[in-house]
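Hi everyone, thanks for coming. Have a look at the structure with me, and I'll walk you through a few places in it.

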Amino acid sequence: MTRLIATDLDGTLLHDDKSVSQRTVAALAAAEEAGIEVFFVTGRPARWMGVVSDHVQGHGLAICANGAAVVDLHAVDPHSTGAPTGREFVQVRALPRNTALKVVEALRAAAPGTSFAVELTTGINYEPTYPPFFQDPGANVATAEKLLHEAMDDDSAPVLKVLAHHTELAPDEFLTLARSVAGEYAAITRSSPTSLLEISGLGVSKASTLALCCEERGISAAEVVAFGDMPNDVEMLDWAGTSYAMGNAHPDVIAAASGRTVANNEDGVAVVIERILAERAARARS
């Protein structure tokens, strides 16, 4: 019996325009009403979770930054007007700064021209040459070495992940290269269609953090249904008892999943949830 649904966001639950369809909203609500927990498991940082924070009915938890953080989406700032902050970290699995520096050094040597950003619990900082994807005007801009060396003490904000971008290498080529030269130091994956890598602490992934959350709830892997579309979802789809690659998924995701559904723009997650609930209702009637 399905007890928990774990779904990626971009390219999976969300349409390409980053919206959540009414069909998907209804399916998530129906799952929660039926007693199935829903976990959003994403590479996004906590500050980008507003798009879905209203669609977790019961617990309000999400796994962010590829497993580096578990976040309470419904946390309320006691010093504010009572509005949800969406940024209370329940658990952090940080990337040690010294380890991050080793990865930066290895990638600079193996892939000249790589630019970096550093994602912290407090926000993002980046190098001057890092592409303007979603840059924060309040961020610090400096070399990765300087950003990672600054405030290297117990009071410094934890590093959730380091982002590495290359303008010439193909995405999968860059990923393979990075894993070969720095895979002993950190977990390296990607979720972007561009050559943008996401670097977390060794052993940190969507799968390992989801497994910890499920263990706390007495939920086994066999009771989890997972959805994803990109390489950062592979471990999660392999771990879950039942898993679905989206119709728009990367080949590695298709190989890892136990099943397939239609594309994100066709509400592939909702299609499967509706089927799960229909089958449950049919069993209850029999």
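Let's start at Asp 233, which is buried at a relative accessible area of 0%; buried here means under 20%, exposed over 50%, and partly exposed in between, with a 1.4 Å probe and protein chains only. Before I go on: this is a predicted model, where local features need pLDDT of at least 70, side-chain atom pairs count only at pLDDT 80 or more, and totals for chains, interfaces and linings use all residues. Residues are numbered from 1 along each chain as its sequence is written, and side-chain values use heavy atoms, leaving out hydrogens and water.

So which residue meets the side chain of Asp 233 in a salt bridge? That is Lys 206, at 2.5 Å from N to O; a salt bridge is a side-chain nitrogen of Lys or Arg within 4 Å of a carboxyl oxygen of Asp or Glu. The two are 27 residues apart, with Lys 206 in helix 6 and Asp 233 in the loop between strand 11 and helix 7. Helices (H or I, at least four residues) and strands (E, at least two) are DSSP runs, numbered from the N terminus. Lys 206 is buried too, at 1%, and a network of salt bridges links Asp 8 with Lys 206 and Asp 233.

There are 13 salt bridges in the structure. Another buried example is Lys 161, at 4%, with Glu 198, also at 4%; their closest N and O atoms are 2.9 Å apart. For a partly exposed case, look at Glu 274, at 32%, and Arg 23, at 38%, which form a salt bridge at 2.7 Å. That pair joins helix 9 to helix 2, across 251 residues.

Now over to strand 1, residues 4-7, where Leu 4 and Ala 6 on one side and Ile 5 and Thr 7 on the other are all buried. Strand 1 pairs in the parallel sense with strand 2 over 4 bridges, and with strand 11 over 4 bridges as well; pairing needs at least two DSSP bridges. Ile 5 stands opposite Val 38, while Ala 6 has Ala 226 as its bridge partner.

Finally, the largest nonpolar core has 34 residues, and Phe 40, Phe 227 and Ile 273 are among those touching the most other members. Such a core is a set of buried Ala, Val, Leu, Ile, Met, Phe, Trp, Tyr and Cys residues joined through side-chain atoms within 4.5 Å. Helix 9 gives the most to this core, 6 residues.
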